[in-house]
Amino acid sequence: MTDHASPGALPIGRGLRSRCPRCGEGRLFQGFLTLRPKCEHCGLDFSFADSGDGPAVFVILIGGALVVFAALITEVVYQPPYWVHAALWLPLILIVTLVPLRPLKGLLIALQYHHKAAEGQLERRGEE
Ligand SMILES: [Zn+2]
């Protein structure tokens, strides 16, 4: 799988596997969420990458909604004691937030690379 084979395809798989958005080989992260300075395979400089709060926002909104919905259904249907809620939802909230965070950050960086997204910059008139 190379960029040359499908230049217009979105690098979604590479992002979800936390691989370099250009070559798909080099690893993107050196810690849990810390980016490497550049790709160890093709040398792409990762300094362009800035996913900001994007991954956390998706995780909070989607994971939070799932867990709250499950907790509400469980309470309405079974009315278990509170320790059951704690035993169920505390581990689940860790799973639904920590597991997708890294693939989601990789995906957003891959999409940022693909669409050449960057901070807005002011253009001066008459300087073409
Ligand atoms: Zn690379």
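Q: Which residues does Ser18 touch, leaving out those up to four places away in sequence?
A: Gly26, Arg27, Leu28, Phe29, Arg102 and Pro103. Contact here means heavy atoms within 4.5 Å.

Q: What kind of model is this?
A: A predicted one: local features need pLDDT of at least 70, side-chain atom pairs count only at pLDDT 80 or more, and totals for chains, interfaces and linings use all residues. Residues are numbered from 1 along each chain as its sequence is written, and side-chain values use heavy atoms, with hydrogens and water left out.

Q: Is Ser18 buried or exposed?
A: Ser18 counts as buried because its relative accessibility is 9%. Buried is under 20% relative accessible area, exposed over 50%, partly exposed in between (1.4 Å probe, protein chains only).

Q: Where does Ser18 lie?
A: In the loop between H1 and H2. Helices are DSSP runs (H or I, at least four residues), numbered from the N terminus.

Q: Switching to the metal. What are the protein donors of the zinc ion?
A: The SG atoms of Cys20, Cys23, Cys39 and Cys42, 2.2 to 2.3 Å from the zinc ion. Donors are N, O and S atoms within 2.8 Å of the metal (3.2 Å for Na, K and Ca); water is not among the atoms, so sites may look incomplete.

Q: What geometry does the zinc site have?
A: Tetrahedral, with angles of 107 to 115° among the 4 donor atoms. That label requires four donors with all angles between 85 and 135 degrees.

Q: And Cys20 versus Cys42?
A: Cys20 is buried, because its relative accessibility is 0%. Cys42 is at 29%, so Cys42 counts as partly exposed.

Terms used: Tetrahedral: all angles 85-135°; square planar, octahedral: opposite > 155°, others 65-115°. Helix = DSSP H or I, 4+ residues; strand = E, 2+ residues; numbered from the N terminus.
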